[in-house]
Amino acid sequence: LQMRESCHSGHEGFAQYEISNFAKPGYECLHNVGYWQNRPYIGLGPAAASSTGNCRNRNFSDILTYVNAIESGQSCVEESVSISEMERICETAVLNLRTRYGIDINEFMQFTGQDPCELFAEPVRIHCEQGLLNIEENRIFLTAKALPIADYVLCDFASL
């Protein structure tokens, strides 16, 4: 993950790399970084969640039920939800925008097959005019002004 030089630096060398997370450069949580890039992940154990792109699974939360399923060779998945391609694309935009780095337009196009500037043209235009989004260096990102009200902006990217 490359971070923008303009990321807010706090006390003791901590920088804001996501709406609600700070770390010293090079010490960002890699699990969360993968999540914000909407990459697949596997959850192991009771109540753990997994994502394989277009499918989300959640294991049994009750420990005995989970263990019994494992020991009997059955699936430990309690809930499985299919995600449409458009839902995945919108989730990717929202998750990318949670980082101070924002949406890398080229990476987004490679990952989703969609140009975020075209797909989200109206929200991008409106929020740029309001000073809540910026487009620079092939990136769409929240401005410092938008951070306290990020959900207001992100809602417009959550569905089409």
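Which helix does His-127 lie in? I looked it up in this predicted model and found His-127 in helix α6, which runs over residues 121–129.

Then I went through the surroundings of His-127. Its side chain makes a polar contact of 3.0 Å with the side chain of Gln-130. Leaving out residues up to four places away in sequence, I listed Leu-132, Leu-133, Tyr-152, Val-153, Asp-156 and Phe-157 as the residues His-127 touches.

I moved on to helix α3, residues 85–97. I counted 13 residues there, with 19 Å from the first C-alpha to the last. That is close to the 18 Å expected at 1.5 Å a residue. Which residues of α3 are buried? I wrote down Arg-88, Ile-89, Cys-90, Thr-92, Ala-93, Val-94, Leu-95, Asn-96 and Leu-97.

Last, I looked at the whole chain. I have seven helices and eight strands in my notes. The C-alpha atoms fill a box of roughly 55 × 40 × 25 Å along the principal axes. Of the 160 residues, 38% count as buried. The chain exposes about 9200 Å², and carbon and sulfur atoms supply 53% of that.

For contacts with a separation of 6 or more, I got 46% from residues 24 or more positions apart.

I also checked the charges: there are 11 positive and 21 negative ones, and their mean positions sit 4 Å apart.

How values were computed: Residues numbered from 1 in each chain as written. Predicted model: local features only at pLDDT ≥ 70, side-chain atom pairs only at ≥ 80, totals over all residues. Heavy atoms only, no water. Helix = DSSP H or I, 4+ residues; strand = E, 2+ residues; numbered from the N terminus. Expected span 1.5 Å × (residues − 1). Buried < 20%, exposed > 50% of the residue type's maximum accessible area, 1.4 Å probe, protein only. Contact = heavy atoms within 4.5 Å. Areas by Shrake-Rupley, 256 points an atom, 1.4 Å probe, with all protein chains shown as cover. Lys, Arg positive; Asp, Glu negative; His and termini not counted. Charge placed at Lys NZ, Arg CZ, Asp CG, Glu CD. Polar contact = N/O pair within 3.5 Å; in protein donor to acceptor, adjacent residues only side chain to side chain.
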